[in-house]
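Have the sequence and the model at hand.

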Amino acid sequence: MSPADYRFMARALTLARRGLYSTDPNPRVGCVLVREGAIVGEGWHQRAGEPHAEVNALNAAGALAGGATVYVTLEPCCHHGRTPPCTDALLNAGISRLVAAMPDPNPQVAGRGLAILRDAGITVDCGLLEAEAQALNPGFIQRMTMNRPFVRVKLAMSLDGRTALASGESQWITGEAARQDVQRLRARSSAILSGIGTVLADDPALNVRLPAATRQPLRVILDSGLRTPPTAQILRLPGSVLIFTAVADSASQALLQAVGAEIIVVPRTGQGLDLRAVMAELARRECNEIHVESGPTLAGALLQAGLVDELVIYIAPLLLGDKARGLFQLPELARMNERTELEILDMRAVGKDWRVITRSVKI
């Protein structure tokens, strides 16, 4: 690969990021067409059901697409979905070379798009800036390869590791800059998930409040006993609300269904719902990234179930005291080798607070 290849793929990745908030449930993809060292067309996938990045770039290039090199952040699709195969469009345009950042994890594609182009005489390379391309679509990749969404748990805490006063009061631990940052995390998600404890204590909206937002993620409540009030703010706002419960009684569900909630019954396990069954259903509904905002009970349960792929913790420069509530409700450990070890992926200041992004590692 040449320095020019890296430069043009980096441009394709920049274009793909423009779809961060809008492509769901499809992946974020960017594409650049180059002839004689100059960009002649570029595009990105904007919304599900609309043309893919390759088609947008081909349309921008017009007749100049013939003989061009195509840089695309994800292997071109080769099947009929909401739109026709991109491989057909590329072949019809007469491109000479294709460089893909990564293969498509979708079993309907999974290398076949690249093979079709190679068999047609197109020079094909794959793997340029692959890690950067994968970082754009963690949920899509995980849903396609593991049949479950990517789960991101957001927490805010004081310097002494507390999330709320003993009374439950928690607004606001962090500053405005951190709260705006959370809105961006919400906006990129397929669904925003919380537990009934948070709904009853805080009556949250769990919506996206960004001017650039073009869609509202699915809002999900885990409510084993079906205690969600029909008057809850989450049910009064536009958008879909899904409530997972263990209560199968249709009469108990009727009041919530009457105000627009969809009820899904899943089994109980231990003290709560079967979290793996919840994630399987969300994957079936094409949810890629799940953004969790909850109290210590649900956060701890997800961690114990091995379902937390990323922890985003905002640390505020204040102290709440040892009677305040902690981050996770977890069982007491008997030995140090039972501990949960975290790997820090990123740490930076957000306004007056700090944001730490971590993931669990096996020890």
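Is G295 buried, partly exposed or exposed? G295 counts as partly exposed, because its relative accessibility is 24%; buried means under 20% relative accessible area, exposed over 50%, and partly exposed in between (1.4 Å probe, protein chains only).

This is a predicted model: local features need pLDDT of at least 70, side-chain atom pairs count only at pLDDT 80 or more, and totals for chains, interfaces and linings use all residues. Residues are numbered from 1 along each chain as its sequence is written, and side-chain values use heavy atoms, without hydrogens and water.

**The annotated site**

UniProt, in an unreviewed entry, places a "binding site" at positions including A156, D202, G295 and G300. Such annotations may be inferred rather than shown by experiment. The listed positions spread over 146 residues of sequence and, in space, up to 27.9 Å between C-alpha atoms. Two of them compare as follows.

| Residue | Place | Relative accessibility |

Helices (H or I, at least four residues) and strands (E, at least two) are DSSP runs, numbered from the N terminus. G300 touches F328, Q329 and L330, leaving aside residues up to four places away in sequence; contact means heavy atoms within 4.5 Å.

**The sheet**

Five strands form an open, mixed sheet, ordered β2-β1-β3-β4-β5. β2 (38-44) and β5 (123-126) are the edges; each has a single partner strand, so one side of each lacks a neighbour in the sheet. Strands pair if DSSP finds at least two bridges between them. β3 (residues 69-72) and β4 (residues 97-100) pair in the parallel sense over four bridges. T69 stands opposite R97 in β4.
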